[in-house]
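Have the viewer open as you read.

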Amino acid sequence: MTTPMPLGLESPLALESACQLSESDAHRRLRVLLEQGLPLTPRPWQVLAERCGLEEAEVMACVRRWQEETLIKRLGLVVRHRRLGIDANAMVVWNVPDDQVARVGQSLAQESVVTLCYRRPRRLPEWPFNLFCMIHGVQREQVLAQLELLVHRHGLAEIDHQVLFSQHAYRQCGGRYAPRRSDEHPGA
Amino acid sequence: MHCQSQDFDTLDRRLIDCYQRDLPVCSRPFHAMAERLGASEEQVIERLQRLETLGVLSRVGPVFDHALAGASLLAAVAVPEEQRDAFAELINQVPGVNHNYAREHHYNLWFVMTAAEERSLDERLTQLETTLGRTILRLPMLESFHIDLAFAIPWAELEGI
C-alpha cells in the first residue's frame, strides 16, 4: 500500500536541486573569499558568513569538510619566505630517464631540504627537463652545497640538471581557482 | 629587500612556528591561539596584521590543493633581460597569475597561472603569447612527489645574515 504524497512535496527533486543550487553559490562565494585570506578580526568566520549569506556554524562546518576532503591542504599563516630573508630559492630541473623519474622523485622528496618535488612534461627540443625540485635557503653557497649532497646521496651525478635561482618575485599570492562572477574581485 | 630577523620577537616567531598549519576552526580562533601562546587575542590579531603589512605573510587562511581546486600550470618564457620588468608586468595583468618570478636562465620569467578550468588557462596563455610575441613553455604538473611550503623557519640562520 502506498501513502499519498503530502501536498506541496510532489516534486521533491526540484526542491532539492533548488537548495543545492543556492547552497553551491554561497559556497563558491566562500571559496572566493577564503582564497584572499581570513579577515583579521575576533570572529573571522562570522564575517565571512555575513559576506556570503551563510551562518557562522555553516562556514566552519564547510571549512572542516574541505579539510577532510583535502581540498584545503592546510590552514594557517602563509609565509612569504623571501621577505624573511630565505631568498636563496633554487629550482633544480633534471632530465631523468622516464623509467627512473618516479623513483628519483620519490627519493628526493624524502629530503628535508627539498620543499617541492614534481614531474612535469619535457618540451623538446627547448626543454628536456622532466623533474623539478625546489630548495629554499638563506645562502646561495649553502643551497648549492645541499644540492651537491643530494646528487651524491642519490647517485645523480650522471643526470643532466640545471639550477635556476630566483632573482626577483614579481608576484606571490594564493591561487585563484574558484569561478568568479564579473562583479567579483578578480584577485589577480 | 627582506626584513631583519630582529624585527620579529618571540610572539611573532611562535605564531609562525605554531600556526603555518592547524589554525583552529572555532568561533574565535585568534583567542584560542592567544591562550596557547600566553598572549591576548588582541595582541595576536595585531601581530598578524603587522606581519601581513610587512609582507611576511601572504595571508592567514587556507592553501587549496591545486589539483582538486581547479586548474593550474607552471609557465616559462624567455625575454630580453633589459625588458624583463615590462614583460613581467604584462604577465601580472593576466587574471589568475599567482606566482611570477625572475630566474637566472635563458627562460628568465617563470609564472604560475590558476583558473577554474583548463580551458580558461589555455585561452589566457594563447592570448598572452600574442601579447608577448613569444612562445610560452607550458609545464603542467604530471605527478607530485612532495609539496609543502610550511617548513620550519631557520631563525638561528637568519640571525647570522
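Two strands count as paired if DSSP finds at least two bridges between them. The strands themselves (E, at least two residues) and the helices (H or I, at least four) are DSSP runs, numbered from the N terminus. This is a predicted model, in which local features need pLDDT of at least 70, side-chain atom pairs count only at pLDDT 80 or more, and totals for chains, interfaces and linings use all residues. Residues are numbered from 1 along each chain as its sequence is written, while chains are lettered from A and ligands numbered from 1 in the order in which they are written.

**Between the chains**

With the pairing rule in hand, look at β3(A): this strand pairs with β6 (residues 143-147) of chain B in the antiparallel sense, over four bridges. Within that pairing, Leu116(A) has Ile147(B) as its bridge partner in β6(B).

How many residues of chain A are in contact with chain B? There are 64, and they meet 72 residues of chain B, where contact means that C-beta atoms, placed from the backbone, lie within 7 Å. Elements that each supply at least two residues to this side of chain A include α2 (44-52), α3 (56-68), β1 (72-79) and β3 (114-119). The most comes from β5(A), with nine residues. By class, this side of chain A has 35 nonpolar, 14 polar and 15 charged residues; Ala, Val, Leu, Ile, Met, Phe, Trp, Tyr, Cys and Pro count as nonpolar, Asp, Glu, Lys and Arg as charged, and the others, Gly among them, as polar.

Axes are lines fitted to C-alpha atoms, for helices over the stretch in contact, with angles from 0 to 180 degrees between N-to-C directions.

| Helix pair | Axes come within | Crossing angle |
|---|---|---|
| α2(A) and α3(A) | 8 Å | roughly 105 degrees |
| α1(B) and α3(B) | 10 Å | roughly 80 degrees |

Angles of 65 to 115 degrees count as roughly perpendicular, so α2(A) is roughly perpendicular to α3(A). Trp45(A), Gln46(A), Leu48(A) and Ala49(A) of α2(A) make this contact with Glu56(A), Glu58(A), Val59(A) and Met60(A) of α3(A).

In chain B, α1(B) and α3(B) are likewise roughly perpendicular to each other. Here Leu11(B), Asp12(B) and Leu15(B) of α1(B) meet Gln43(B), Val44(B), Arg47(B), Leu48(B) and Leu51(B) of α3(B). That contact has five nonpolar, one polar and two charged residues.

**Domains of chain A**

The domain assignment, automatic or from a database, gives chain A domain 1 (14-68) and domain 2 (81-165). Their C-alpha centres lie 38 Å apart.

Note on methods
Two residues are in contact if their C-beta atoms, placed from the backbone, lie within 7 Å. Angles under 35 degrees count as roughly parallel, over 145 as roughly antiparallel, 65 to 115 as roughly perpendicular and the rest as oblique.
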